[in-house]
Amino acid sequence: MQKLFLDYTPENSIILDGEQARHIAKSLRMKVGDMLTVTDGNGNDYGCLIDEITKDTVVLSVCYKQASNSEPDCKVTIYQGVPKGSKLEDIIQKCTELGVCRIVPTLTKRCVSRPDEKGASRKGERYQKIALEAAQQSGRGIVPQIAPQTTLRQAIENDGSELKILFYEGGGEKITSLVKSDVKSVSVYIGPEGGFDESEVELLTQSGAVCATLGKRILRTQTAPVAALTAIMLLTNNLE
């Protein structure tokens, strides 16, 4: 069933306009009497019946409310070393589908791409839209937050996760020995194309992060977060 996100809590009826109305009527070719799901972005789903479709609006009646069953019970934040080109867009899309809670673009010493504040803000709007579209497509109960660009030191200072994992091409512990099924919050640190500098690895480990490996192969910066998140979702029983 198609799912759309609202920026408010619906009551008995909903009036959609603009892009959402066009998406329902033209892209999805839905009709009066069809059912779809909307969510308030806070983990609540609303089953709705299409009552009316006009040129500019779609009117829905709310039939029921229920907690979303698509959200993992382990909250994963990815601190992603800012990559070149459109790689971050791919990371956001795939990780949203897999259940990430938050993605933080993080500047490290070896980042080639270093957007200024204005450029980062402009890209941030696009990144959040990509997360929204991926959340709708995959039936999420929330839209993951794409946080403002930050430095590695700031990321560490603001990281309150229960488990912090640094995926490092220099090796480390097996992820199966680190991630237990009952862990509720995990931070994942992924380097940019050139990986982490040794001083950054030391900074992270001194802050409580544990070095881990994703196997004997070196993964690209856009592959590593997808592989790491998939493994964490599996080990916490969120791919069942």
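**Exercise 1. Find the residue whose side chain makes a polar contact with that of Gln80, then describe the surroundings of Gln80.**

Step 1. The side chains of Gln80 and Thr221 are joined by a polar contact of 2.8 Å. Such a contact is a pair of N or O atoms within 3.5 Å; within protein, one must be able to donate a hydrogen and the other to accept it, and residues adjacent in sequence count only if both atoms are side-chain atoms.

A note before going on: this is a predicted model, where local features need pLDDT of at least 70, side-chain atom pairs count only at pLDDT 80 or more, and totals for chains, interfaces and linings use all residues. Residues are numbered from 1 along each chain as its sequence is written, and side-chain values use heavy atoms, with hydrogens and water left out.

Step 2. Now locate Gln80: it lies in strand S6 (residues 75-81). Strands (E, at least two residues) are DSSP runs, numbered from the N terminus.

Step 3. Is Gln80 buried or exposed? Gln80 has a relative accessible area of 0%, so it is buried (under 20%; exposed is over 50%, partly exposed in between; 1.4 Å probe, protein chains only).

Step 4. Leaving aside residues up to four places away in sequence, Gln80 touches several others, including Leu88, Ile91, Val104 and Pro225 (contact means heavy atoms within 4.5 Å).

**Exercise 2. Work out the strand order of the open sheet.**

Step 1. Follow the five strands across: S1-S3-S4-S5-S2, with mixed pairing. Two strands pair if DSSP finds at least two bridges between them.

Step 2. At the edges are S1 (3-5) and S2 (13-17), each pairing on one side only.

Step 3. S2 and S5 (residues 57-67) run antiparallel, joined by five bridges. Here Ile14 stands opposite Leu60 in S5.

Technical notes
Helices (H or I, at least four residues) and strands (E, at least two) are DSSP runs, numbered from the N terminus.
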